[in-house]
Amino acid sequence: MTINLKKVNAFLLDLDGTLYLGSKLFPSTLDFLAVLRRAGKKRLFLTNNSFFSTTQYLKKLNDLGFEASKEEILTSGWAAIHYLLNETPYRKIYLLGSHALSQEFMDSGLTVVNHLHPDSEPETKPDAVVLGFDRGFTYNKLRIASWLLLEGIPYISTHPDKVCPTETAPIPDTGALIEYFHAVTGRRPVVIGKPYATMIRAALARTDTSPQETAMVGDRLYTDMRMAKEGGLISILTLSGETRRESLKDADLQPDCIIEDVGELARIIQS
C-alpha cells in the first residue's frame, strides 16, 4: 500500500519501535533521516515515553547519530508540563515518575511535592496528581496517590501506553498503572500524550504545518495511528514495532500506508 507523499512537509516520528528498539538502532533509520533532510522535509521526534527528559532523549538520539536538536523532540512529559502551565492553574504536583521527569517539571517552574521523599505523604496537598512512566513504582506510592485521588484531587497522565517495548519483551507502562488506579479509585485521568489533542496541538505548533501536510509515522494503532486519524494527519504504520500485519485484519482503524520499516518509507519518498 503506497500514498503520494509529495504534499507532506513534516513527519512526526515515533521513536521506540519505529526508529529503534530499546538501545538498538534499526539498520535503515539513519539513511531514512538523510532522505528527509535531502528532501527538505521537517521532522519532529515524538514519544509517549515520559521516563526520560527531553535533555536525556537529545543525548540518546545524538549518540545514535541522529544529529537532532532539542526543538525537534517532543515527549509526553514535556507536553504534560506545557498543559499544566498553559491550560490549568495547577502548580503543586504529586508526581509518579522518574527522577528525570521530576527534575524537568521543577526546571519548568512546577513544584513536585514528593520530589525528595516519593514514598511519603506530601506535607501539603497537591493541586494535581500526575502519572508518568514510573519504573520505581511501589505499593506506598499506590497507597498515597489512591488516597489523593479519592480526595478528589485532579488527575492527569502523561500517556496511555499499556506496555513499553524493549529488546527482550514488553514491560508494563503507564496505561497499565491507569487500570491499577481505576480498580482502586474508579477514576480515570486526563491523558496528555498520543493520541490526544493536546499532543497534536503541541506537535503542529512545533512543525508550523497544517494537519493535511503532516504525516505521523509510528508502530502502534491505538496511539500513533489513532492520533493521526483523529487529528486529520496522514497515517503511516510501520511493522517494525508492536503491531503485526495479522492484527490489522480485524482492526477498526486502518492506516493510510503500511510499511515494513522506515527504509521502505525512504524509498517511497524518493520514488
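Predicted model: local features only at pLDDT ≥ 70, side-chain atom pairs only at ≥ 80, totals over all residues.

**The open sheet and its surroundings**

Gly-218 sits opposite Leu-237 of strand S14. The two strands involved here, S13 and S14, run parallel and are joined by four bridges. They belong to an open sheet of six strands. Its order is S5-S4-S1-S13-S14-S15, with parallel pairing. S5 (73-75) and S15 are the edge strands, and each pairs on one side only. From one strand to the next, the twist averages 20 degrees.

Now the helices. H1 packs on the sheet and touches S1 and S4 (42-47). The direction of H1 makes about 160 degrees with that of S1. H2 also packs on the sheet, where it touches S4 and S5. The direction of H2 makes about 130 degrees with that of S5.

Next, the nonpolar core. The largest one has 30 residues. Phe-11, Phe-32, Phe-45, Phe-66 and Ile-236 touch the most other members. Elements giving two or more residues to this core include S1 (10-14), H1 (29-38), H2 (54-63), S13 (214-218) and S14 (234-238). H9 supplies the largest share, five residues.

Leaving out residues up to four places away in sequence, its contacts include Leu-13, Leu-33, Leu-61, Phe-66 and Ile-73. Another core, of 28 residues, lies apart from the largest one; Tyr-83 and Met-227 are among its members.

Last, Thr-207. This residue is found in helix H7 (197-207). Its relative accessible area is 4%, under the 20% cut-off, so Thr-207 counts as buried. Its side chain makes a polar contact of 2.7 Å with that of Thr-209. Not counting residues up to four places away in sequence, Thr-207 touches Ala-10, Leu-12, Lys-42 and Leu-44.

Notes. Residues numbered from 1 in each chain as written. Heavy atoms only, no water. Buried < 20%, exposed > 50% of the residue type's maximum accessible area, 1.4 Å probe, protein only. Polar contact = N/O pair within 3.5 Å; in protein donor to acceptor, adjacent residues only side chain to side chain. Contact = heavy atoms within 4.5 Å. Core = buried A, V, L, I, M, F, W, Y, C linked by side-chain atoms within 4.5 Å. Pairing = 2+ DSSP bridges. Axes fitted to C-alpha atoms, helices over the stretch in contact; angles between N-to-C directions.
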